[in-house]
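Let's take a walk through this structure, one step at a time. Have the sequence and the 3D view ready.

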Amino acid sequence: MNIGQAARACGVSAKMIRHYESLGLLPPVRRTEAGYRQYDAATLHTLRFIRRARELGFPIEEIRALLQLWSAPSRTSAEVKRIALQHVADLQQRIDAMQAMKRSLEQLAAHCHGDGRPDCPILDDLAQTPAPAPRP
């Protein structure tokens with residue numbers, strides 16, 4: 001199967017397949033004499049694995065670790081679970097940060113008259129110079 005067919009079969013773009021290859025997430029693929037990539041069923045299965053992991057928001061390095069565990073017969077599910085739960089914690093931290101941003105923007109919008117006046121607490125807040133971050 002060529003790269004276009006593999007892309008359609010797996011629901012990823014040909015560009016992403018080449019990107020995953022460049023990152024080493026996919027094993028080197030067989031090429032025709034003309035240099036065209038040829039994908040087999042095992043590689044398509046790996047591509048689907050990667051696509052699903054990306055849909056769940058796993059970063060590339062965690063996908064790399066999951067791929068290694070997936071192909072290791074001596075793996076333990078405890079290690080897979082540890083990676084998944086760490087990702088859950090990272091997602092929760094991002095969700096919390098986004099909810100805090102949402103609350104801040106809602107509060108700023110509630111104090112903005114939204115009329116013809118030029119004064120705007122949203123712009124005033126954005127224009128504030130933040131304090132420098134503390135040094136470790």
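What you're looking at is a predicted model, in which local features need pLDDT of at least 70 and side-chain atom pairs count only at pLDDT 80 or more, while totals for chains, interfaces and linings use all residues. Residues are numbered from 1 along each chain as its sequence is written, and side-chain values use heavy atoms, with hydrogens and water left out.

Start with the overall picture.

How does the overall extent look? The C-alpha atoms fill a box of roughly 70 × 40 × 30 Å along the principal axes. The radius of gyration of the protein chain is 23 Å, whereas a compact globule of 136 residues would have one near 14 Å. That radius is taken over C-alpha atoms, and the globule rule is 2.2 Å times the number of residues to the power 0.38. Of the 136 residues, 22% count as buried. The chain exposes about 10000 Å², with carbon and sulfur atoms supplying 57% of that; the areas come from the Shrake-Rupley method with a 1.4 Å probe, and for residues only the protein chains shown count as cover.

Now head inside. A nonpolar core is a set of buried Ala, Val, Leu, Ile, Met, Phe, Trp, Tyr and Cys residues joined through side-chain atoms within 4.5 Å. The largest one here has 22 residues, and the members touching the most others are Ile17, Tyr20, Leu25, Tyr39, Leu47, Ile50 and Ile63. Helices H1 (3-10), H2 (14-23), H3 (41-55) and H4 (60-71) are the elements that give two or more residues to this core. H4 makes the largest share, with five residues.

Which residues does leucine 25 contact, leaving aside its neighbours within four places in sequence? They are Tyr20, Thr46, Ile50, Ile60, Ile63, Arg64 and Leu67, where contact means heavy atoms within 4.5 Å.

Charged side chains pair up too. A salt bridge puts a side-chain nitrogen of Lys or Arg within 4 Å of a carboxyl oxygen of Asp or Glu, and by this rule the count is seven. In one of them, arginine 51 meets glutamate 55 at 3.2 Å, N to O. These two are separated by about one helical turn because they sit four residues apart in helix H3. Arginine 51 is partly exposed at 26%, and so is glutamate 55 at 49%.

Further along, arginine 82 bridges to glutamate 79, their closest N and O atoms being 2.9 Å apart. Both lie in helix H5 (residues 77-111), three residues apart, again about one turn of the helix. Arginine 82 has 47% relative accessibility, which counts as partly exposed, and glutamate 79 is partly exposed at 30%.

Another bridge joins aspartate 115 and arginine 117 (2.9 Å, N to O). Aspartate 115 is partly exposed at 42%, as is arginine 117 at 44%. Elsewhere, bridges that share partners link Arg51, Arg52 and Glu55 into one network.

Methods:
Buried means under 20% relative accessible area, exposed over 50%, partly exposed in between (1.4 Å probe, protein chains only).
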